[in-house]
Amino acid sequence: MTSPPPSPEMSLQLRRVFQAPRERVWATWTQREQLEEWMCKDVPAHNPKYVELDVRPGGRYVMEIPIPGGKYVGQGTFREVKPPEKLVFTWSWTRLPEKPGEYLGGASLVTVELFDRGASTEMVFTHTGLETSGIREDTRTGWLGCFEVLAGLLARLQARLQARLQEGSLT
């Protein structure tokens, strides 16, 4: 027996334009140091660490976020990696130790598409397989917060680059 396709209301699509070149936005999704600067930082107390990151089809990632009395663990597998335009990966959360009555949802799928818009990049972000409307709303809120932090990171990176260009340290 096959599962029915996910309903549109249990999917999420967000569009965002970042004032940075596509290659720079790609790097923020695929480089450990940059991911740790914005991913799951929508909650200021979160300090995510990627304990595993293998960005290739079939490669895995594992991210840990310490919380009082335990940690959240986000993990998944990369399904498609097409630099610098498309990244597809599974997404799931667990809490250690488990909190009675807390359900974080099962595995879902994230697709990040990056479109070159000259000096900026349009991101089309799609998250499918969200199991309930509550999980969908929490996920939407979380990603929107993360993307605000990402926009700030990209602005800082662009400002550093501009400063270096003005100093003449880059040609």
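Me: How many residues separate W143 and F147 in helix α3?

Reply: They are 4 residues apart, about one turn of helix α3. Helices are DSSP runs of H or I with at least four residues, and strands are runs of E with at least two, numbered from the N terminus. An α-helix has 3.6 residues a turn, so residues three or four places apart point the same way. This is a predicted model: local features need pLDDT of at least 70, side-chain atom pairs count only at pLDDT 80 or more, and totals for chains, interfaces and linings use all residues. Residues are numbered from 1 along each chain as its sequence is written, and side-chain values use heavy atoms, without hydrogens or water.

Me: What makes up the largest nonpolar core, and which members touch the most others?

Reply: The core holds 36 residues. W29, W38, M39, W143 and F147 touch the most other members. Helix α3 (residues 133-167) gives the most to this core, with 8 residues. The name covers buried Ala, Val, Leu, Ile, Met, Phe, Trp, Tyr and Cys residues joined through side-chain atoms within 4.5 Å.

Me: What does F147 contact beyond its sequence neighbours?

Reply: Leaving aside neighbours within four places, F147 is in contact with L14, R16, F18, W29, W38, M123 and F125. Contact means heavy atoms within 4.5 Å.

Me: Why is the pair Y61 and W91 called tilted?

Reply: The whole structure has 18 aromatic pairs. In the pair Y61 and W91, the ring centres are 6.3 Å apart and the planes make 35°. Rings of Phe, Tyr and Trp (its six-membered ring) pair if their centres lie within 6.5 Å; planes under 30 degrees apart count as stacked, over 60 as edge-to-face and the rest as tilted. The 35° between Y61 and W91 falls in the rest, so the pair is tilted.

Me: What does the pair tie together?

Reply: Y61 lies in strand β3 (residues 60-67) and W91 in strand β5 (residues 86-96), so parts 30 residues apart in sequence are tied together. Both Y61 and W91 are buried.

Me: What makes W143 and F147 a stacked pair?

Reply: Their centres are 5.5 Å apart, with 25° between the planes. That angle is under 30 degrees, so the pair counts as stacked. W143 and F147 are both buried. Both also belong to one aromatic cluster, along with W29, W38, Y50, Y61, Y72, F78, F89, W91, W93 and F125.

Me: Why are α1 and α3 called oblique?

Reply: The axes of α1 (residues 22-30) and α3 come within 11 Å and cross at roughly 125°. Axes are lines fitted to C-alpha atoms, for helices over the stretch in contact, and angles run from 0 to 180 degrees between N-to-C directions. Under 35 degrees is roughly parallel, over 145 roughly antiparallel, 65 to 115 roughly perpendicular, and the rest oblique. The two helices are therefore oblique to each other.

Me: Which residues meet where α1 and α3 cross?

Reply: R24, V25, T28 and W29 in α1 meet W143, F147, L150, L153, L154, L157, Q158 and L161 in α3.

Me: How do you know that α1 is mostly covered?

Reply: Count its buried residues: 7 of 9. They are R22, V25, W26, A27, T28, W29 and T30. Buried means under 20% relative accessible area, exposed over 50%, partly exposed in between (1.4 Å probe, protein chains only).

Me: What makes C40 stand out in its backbone?

Reply: Its phi is near 65°, a positive value in a residue other than glycine. Most residues other than glycine have a negative phi, and most peptide bonds are trans. C40 sits in the loop between α2 (32-38) and β2 (49-53). At 7% relative accessibility, C40 counts as buried.
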